[in-house]
Amino acid sequence: MKLLVTGGAGFIGSAVVRLAIARGYEVVNLDALTYAACLDNVASVADSPNYAFVQADICDRAALDAVFVQHQPDAVMHLAAESHVDRSIDGPGTFIETNVLGTFHLLEAARAYWVGRDRPKDFRFHHISTDEVFGSLGPTGQFSETTPYDPRSPYSASKASSDHLVRAWGETYGLPVVLTNCSNNYGPYHFPEKLVPVVILNALAGKDIPIYGAGLNVRDWLYVEDHADALLLVLEKGILGESYNIGGENERSNLDLVRTICTLLDAKRPRDRGPYSDLITFVADRPGHDARYAIDPSRIRNELGWQPSVTVEEGLEKTVQWYLENELWWRALQDRAGVGQRLGTA
Ligand SMILES: NC(=O)c1ccc[n+]([C@@H]2O[C@H](COP(=O)([O-])OP(=O)(O)OC[C@H]3O[C@@H](n4cnc5c(N)ncnc54)[C@H](O)[C@@H]3O)[C@@H](O)[C@H]2O)c1
């Protein structure tokens, strides 16, 4: 089976590419190589005869058509997106262009290709989205696949729009679509502007570890390789037109998560001047910061038999170890525009 993976040089896309190659799929990785991309993320598979890379923008319809004609994929896994909430507050335009218009162009290119091949029933357009489309929860409750959409940030609104487009292309044109909405990911190759790497890298540098507000915002954390595994399962076994929520059942407040990382670092690379948690600093909250996300993963668990392989403590241990062993990777990304700065204060 040949997969066209968009955004395969990013954090989650590269985990999908690496796992798919390991499982014997052919993969065409289409990525515009924005500030968030890093081809080192897929260096381990770059020499595989089953791997090809195309630098292209999903807003460039002619380039998309050429990729479909040349590579003839059996399925699309669409991960390319602008993904950082703070950047969406400072500059929402790129989020609308890539996440909404880009998804539209990709859907149209996929539809033209699918119609041109006489509408094969086993073709799949798998759209990868986020739990943030469902809005913010109070202290109880979980997001299910039928929770009404209620996005609050430019990022989540743009992802919600793209979800609606994908469903519409399934209903109206019969394009064989499937969707997934996942909780917060963490793990190896996470770009150094996101919370988990910021904590690890600031701690190692002896800098303040910034926590938004009081650190009480709760997220459901999922190890990125478990997400990639779930995505390939949904691609193969998911029911057409359905969506699947993917979560780790690992709810933690940001403060608890940061303290866990500090404790892991205390054990692995002890600091002379007291525990790493001494570096925790509370900073002004993100505007419109959603209080809590929690995923009810019963559909994917009961219907497809998926469950995460690690708890958040086990996944964080692997992640911290990976950052300690891969300094060359993250150092090269720290010079990119905006990394290390406070963004999204509106
Ligand atoms: N990170 C999370 O916790 C999380 C959780 C749930 C869902 N998601 C979704 O998963 C997907 C991947 O997220 P990520 O964290 O890996 O993002 P990322 O920012 O690490 O990677 C995005 C990739 O998309 C590419 N890209 C951006 N604009 C493009 C364009 N116009 N054309 C082609 N390529 C383009 C970038 O170059 C980059 O390689 C996104 O759709 C995101 O909404 C992320």
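Trainee: Which side chain is joined to that of Ser129 by a polar contact, and how is such a contact read?

Mentor: A polar contact is a pair of N or O atoms within 3.5 Å; within protein, one must be able to donate a hydrogen and the other to accept it, and residues adjacent in sequence count only if both atoms are side-chain atoms. Here the side chains of Ser129 and Asp163 are joined by one of 2.8 Å. The model is predicted, so to speak of a local feature requires pLDDT of at least 70 and side-chain atom pairs count only at pLDDT 80 or more, while totals for chains, interfaces and linings use all residues. Residues are numbered from 1 along each chain as its sequence is written, and side-chain values use heavy atoms, with hydrogens and water left out.

Trainee: Where is Ser129 found, and what does it touch?

Mentor: Ser129 is in strand β5; strands (E, at least two residues) and helices (H or I, at least four) are DSSP runs numbered from the N terminus. Contact means heavy atoms within 4.5 Å. Not counting residues up to four places away in sequence, Ser129 touches Asp163, Lys159, Thr180, Asn181 and Cys182.

Trainee: Is Ser129 buried or exposed?

Mentor: Buried means under 20% relative accessible area, exposed over 50%, partly exposed in between (1.4 Å probe, protein chains only). Ser129 has 6% relative accessibility, so it counts as buried. Asp122, in the loop between α4 (92-116) and β5, is exposed because its relative accessible area is 60%. From Asp122 to Ala109 there are 13 residues in sequence and 17 Å in space, C-alpha to C-alpha.

Trainee: Is Asp86 buried or exposed, and what does its side chain join?

Mentor: Asp86 is buried, because its relative accessible area is 3%. This residue is part of helix α3 (residues 85-90), and a polar contact of 2.8 Å links its side chain to that of Arg286. Leaving aside neighbours within four places in sequence, Asp86 is in contact with Arg286, Tyr212, Leu343 and Gly344.

Trainee: How many residues surround the ligand, and which are the closest?

Mentor: A residue is near a molecule if one of its heavy atoms lies within 4 Å of it. There are 28 residues around the ligand, the closest being Ile12, Asp31, Ser83, Tyr155 and Lys159. By class the shell holds 15 nonpolar, 10 polar and three charged residues. Ala, Val, Leu, Ile, Met, Phe, Trp, Tyr, Cys and Pro count as nonpolar, Asp, Glu, Lys and Arg as charged, and the others, Gly among them, as polar.

Trainee: Which elements supply at least two residues of that shell?

Mentor: They are α1 (11-22), β5 (124-130), α5 (154-173) and β7 (184-186). The most comes from β5, with three residues.

Trainee: Which distances do the ligand's polar atoms show?

Mentor: A ligand oxygen atom is 2.6 Å from an N or O atom in the side chain of Asp31. The ligand has 830 Å² of accessible area on its own, and the protein covers 96% of it (Shrake-Rupley method, 1.4 Å probe; for residues, only the protein chains shown count as cover).

Trainee: How many residues does the largest nonpolar core have?

Mentor: In soluble globular proteins, nonpolar side chains tend to be buried together. A nonpolar core is a set of buried Ala, Val, Leu, Ile, Met, Phe, Trp, Tyr and Cys residues joined through side-chain atoms within 4.5 Å. The largest one here has 35 residues, and Tyr186, Val196, Ile261, Leu316 and Trp329 have the most contacts inside it. Elements giving two or more residues to this core include α6 (195-205), α8 (254-268) and α10 (312-325); the largest share, seven residues, is from α8. Val196 is in contact with Tyr186, Trp221, Leu257, Ile261, Leu316 and Thr319, leaving aside neighbours within four places in sequence. A second, separate core has 34 residues, including Val27, Tyr51, Leu79 and Ile128.

Trainee: What is the phi of Gln72, and what is that of Tyr189?

Mentor: Most residues other than glycine have a negative phi. Gln72 has a positive phi of about 50 degrees and sits in the loop between α2 (61-71) and β4 (75-78), partly exposed with a relative accessible area of 39%. Tyr189 also has a positive phi, of about 65 degrees. Its place is the loop between β7 and α6, and at 17% relative accessibility Tyr189 counts as buried.
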